[in-house]
Amino acid sequence: MKLIDVKNPVLKKGVHYLTWDYMTRENNNHKGMDMIGKNKATDDIIAIENGKVYDTGYTNKAGYYVELIHDNNLITRYLHMKKNSIKVKKDEYVTKGQVLGRMGSTGESTGAHLHFAVFTLKRKPQDPLPYLQGKLNFNSDYFRDFVKGIQDAIGAKVDGIPGSETLNKTITISAKVNRKHKAVKFIQSYLFNIGYTEIGDSDGIAGPKFTSAIKHYQKDNGCVVDGVITKKNKTWKKLLKLI
Ligand SMILES: [Zn+2]
């Protein structure tokens, strides 16, 4: 069955075929949803929402797996990944849509698929569907996620609360300077979430879409409109809500 109305995808191509549902009548111990991708093929597995890598590793049952923890303390689990495909490390901050690894068939699995699950910190399973469909959310505070991601990327104290220490460590970012800096993806994700959707995917590269979205943001916020994020032109101060 093809899942419809998926607003928060976990597969990069955005097409999800359900092969085994959460807690079915036949198996009330299936604590997640099994799915395959577009044309019923494998796909890259992406983060459903901004978060932090809670755990990653291998078990005989889960195979290669990644767990993310989100702002509201729910955990998402991505199991049976392909060997050597995991692209994230424990304690790393990830943004919504970031590739975590590749669908595989490691662990207790009979064919390539993603087992996607949502758990509380106390390991109580939750139905993943409303999260995939965006009826329930992991984060309500995009700003705090953004600040934490930036703080991590620039080597400031990561507390989600911007101040002069954070501002002092900010760097110039533009299509010419630091265009592939770790901070870029957090800026992309934040601006996308607050409505500057022209910025596109959070691919971590400050290209033409990035420049035009920054200009748009600068115009809306009374900054010098130059597509460059610096302390000088006040764009960092605005982004961090320090003015
Ligand atoms: Zn499963």
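Val 94 in strand S7 is the bridge partner of Gly 51. The model is predicted: local features need pLDDT of at least 70, side-chain atom pairs count only at pLDDT 80 or more, and totals for chains, interfaces and linings use all residues. Residues are numbered from 1 along each chain as its sequence is written. The protein chain has six helices and ten strands; helices (H or I, at least four residues) and strands (E, at least two) are DSSP runs, numbered from the N terminus.

**Strand pairing around S4**

- Strand S4 (residues 51–59) runs antiparallel to strand S7 (residues 93–94), and two bridges join them. Two strands pair if DSSP finds at least two bridges between them.
- S4 is also antiparallel to strand S5 (residues 63–69), with seven bridges joining the two.
- In that pairing, Tyr 58 stands opposite Tyr 64 of S5.

**Overall shape and packing**

- Along the principal axes, the C-alpha atoms fill a box of roughly 60 × 35 × 35 Å.
- Of the 243 residues, 40% count as buried. A residue is buried if 20 or more other C-beta atoms lie within 10 Å of its own, exposed if 12 or fewer, and partly exposed in between, with C-beta atoms placed from the backbone.
- Among contacts with a separation of 6 or more, 54% are between residues 24 or more positions apart. Two residues are in contact if their C-beta atoms, placed from the backbone, lie within 7 Å.

**Domains**

- The chain is divided into domain 1 (17–132) and domain 2 (142–239), with bounds that come from an automatic or database domain assignment.
- The domain centres, taken over C-alpha atoms, are 29 Å apart.
- Seven residues of domain 1 are in contact with ten residues of domain 2.
- On the domain 1 side, the touching residues divide into one nonpolar, four polar and two charged. Ala, Val, Leu, Ile, Met, Phe, Trp, Tyr, Cys and Pro count as nonpolar, Asp, Glu, Lys and Arg as charged, and the others, Gly among them, as polar.

**Asn 39**

- Asn 39 is found in the loop between strand S2 (33–36) and strand S3 (44–46).
- Asn 39 counts as exposed because it has 10 C-beta neighbours inside 10 Å.
- The C-alpha atoms of Asn 39 and Tyr 17 are separated by 8.8 Å, and the two residues are 22 residues apart along the chain.
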